[in-house]
Amino acid sequence: MKKKKLLFFIDILTTILLIIQVQSMLVFSIKYFSHLKDFLVQTYFAGYVFYGISGVIERSTYRDIYPWIQFIVFCFNIYAAMVKLKDIHNKELVKGIYGYFLIFNVVFVVLKIFEFYFYLDILTHA
């Protein structure tokens, strides 16, 4: 029962952070739609954080806390994805909406891996 509640909490946090990221990416894409073909993927992942909800967070007092929250949720998502995959294999816990949230867990992890990689790439070449 505790595992199910923890997974649900992780899924809710993941959904909130994915909505923030997708909204910011859409605002960035709309603003620079005519110039998107000129942007590199690194520039896109580095630039979207200044638009939409991410931009509001970037300009607020939470700008130092937000990346840590993302990293903690990233680590929780790796755990959640592994537990859900194990449970799917054992045909246990993952039923209904928990199975669908596995897609959110994996998408969040993949997006953050790309973002962390591009961010580190920009820092090392700056």
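Modeller: The expected span of a helix is 1.5 Å times one less than its number of residues. This is a predicted model, where local features need pLDDT of at least 70 and side-chain atom pairs count only at pLDDT 80 or more, while totals for chains, interfaces and linings use all residues. Residues are numbered from 1 along each chain as its sequence is written, and side-chain values use heavy atoms, without hydrogens and water.

Biologist: What should the 25 residues of α4 span, and how far apart are its end C-alpha atoms?

Modeller: At 1.5 Å a residue, α4 should span 36 Å; its end C-alpha atoms lie 35 Å apart, so the two agree. Helices here are DSSP runs (H or I, at least four residues). Just after α4, K91 has a positive phi of about 55°.

Biologist: Why is α1 called oblique to α4?

Modeller: Helix α1 (residues 2-31) packs on helix α4 (residues 66-90) at about 130°, with the axes 9 Å apart. That makes the pair oblique, the word for angles that are not under 35 degrees (roughly parallel), over 145 (roughly antiparallel) or 65 to 115 (roughly perpendicular).

Biologist: Which residues of α1 and α4 meet?

Modeller: Among them are L6, I10 and L17 of α1, and I69, V73 and F76 of α4, with contact meaning heavy atoms within 4.5 Å.

Biologist: What makes K112 count as buried or exposed?

Modeller: Buried means under 20% relative accessible area, exposed over 50%, partly exposed in between (1.4 Å probe, protein chains only). K112 has 1%, so it counts as buried. This lysine sits in helix α5 (residues 97-125). Setting aside neighbours within four places in sequence, K112 contacts Q21, Y48, Q70 and F74. In α4, Q70 and F74 are among the buried residues.

Notes: Axes fitted to C-alpha atoms, helices over the stretch in contact; angles between N-to-C directions. Helix = DSSP H or I, 4+ residues; strand = E, 2+ residues; numbered from the N terminus.
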